Amino acid sequence: MYRRTLRKEPVFNDELPSRIACGSVVVKPGVKEFTQISAVFQDGTVQEGLDCIIFATGYTFAYPFMDDESILMCRDNVVTLYKSILPPRLEKPTMAVIGLVQSLGATIPTAELQSRWATRVFKGLCKLPSESCMMEDIDEKMGKKLKWYGQGDSLQADYVVYMDELASMIGVKPNIPLLFLTDPKLAVQVYFGPCSPYQFRLTGPGKWDGARNAILTQWDRTLKTPRTRVVPSSQSSFPLGAFLKILVLPLLIAAVFLVFV
């Protein structure tokens, strides 16, 4: 149960904690029963004078624009798409569904990598397995999703795992061991840094010459935004940066050892 809780995507906004703190939003336990104008909670408290009750039950998937509903099958609110993109029952792969995935990461890079793979399938550059193999893959993935996320989160996907899977099929996933040998500075940023879409432009189809520099300077652009004023550096007998470098060095050596062993 704890794994499912930790892997849930937060849905509240930043106003909720302050509203709870000032009392305008009250946290209550589960509802035991309803009367005509009140709600009885599991702790025995009663909320009287209710005008309306909103059930935040989510939504179901529907595709009214599709003449053949079997193309995009929905089984118990579960979408049947190969790699969460392609309908497996099409005679020819001429349609892709982009963005119908709820990854635990950025949506735009996910949709971009989905589009890159789908266009290569359309061009015949990436071959698809048989329909039965695609259905087996869908069922296997769905079994893992139900185990990790529960019945109500059939669109959930682990961001890094899903991006690496798509990148491998396209041929743009970085070779980390080789990168440590040829470009250690870049390898450290790719392996220990964020899974930014720049790394899927380092090699293979769609390679971008500026990807390396973009990765090495991504933290500069991230930290520059909140720095609205110049703060004089404090005088210290032992710089914090030097201490962090000394601390990180043995961890880096251990990580490289684990990669190659």
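Trainee: How does Arg 19 count by relative accessibility?

Mentor: Buried means under 20% relative accessible area, exposed over 50%, and partly exposed in between, with a 1.4 Å probe and protein chains only. Arg 19 has 39% relative accessibility and therefore counts as partly exposed. This is a predicted model, in which local features need pLDDT of at least 70 and side-chain atom pairs count only at pLDDT 80 or more, while totals for chains, interfaces and linings use all residues. Residues are numbered from 1 along each chain as its sequence is written, and side-chain values use heavy atoms, with hydrogens and water left out.

Trainee: With which residue does Arg 19 form a salt bridge?

Mentor: A salt bridge is a side-chain nitrogen of Lys or Arg within 4 Å of a carboxyl oxygen of Asp or Glu. For Arg 19 the partner is Glu 15, and their closest N and O atoms are 3.2 Å apart. Glu 15 is partly exposed too, at 41% relative accessible area.

Trainee: How many salt bridges does a search of the whole structure find?

Mentor: The search finds 8. One of them joins Asp 137 and Lys 141 at 2.9 Å, N to O. Both residues lie in helix H4 (residues 131-149), 4 residues apart, about one turn of the helix; helices (H or I, at least four residues) and strands (E, at least two) are DSSP runs, numbered from the N terminus. An α-helix has 3.6 residues a turn, so residues three or four places apart point the same way. Asp 137 is buried at 14%, whereas Lys 141 is partly exposed at 28%.

Trainee: Where does Asp 183 lie, and what does it pair with?

Mentor: Asp 183 sits in the loop between helix H6 (176-182) and helix H7 (184-192). Its salt bridge is with Arg 212, the closest N and O atoms being 2.5 Å apart. Asp 183 counts as buried at 16% relative accessibility, and Arg 212 is partly exposed at 35%. Elsewhere, salt bridges that share partners join Lys 83, Asp 137, Lys 141 and Glu 165 into one network.

Trainee: Which residues of H7 are buried?

Mentor: Leu 186, Ala 187 and Val 190 are buried in H7. They cover an arc of only 100 degrees around the axis, which puts them on the same side of H7; the arc is that of the directions from the helix axis to the C-beta atoms.
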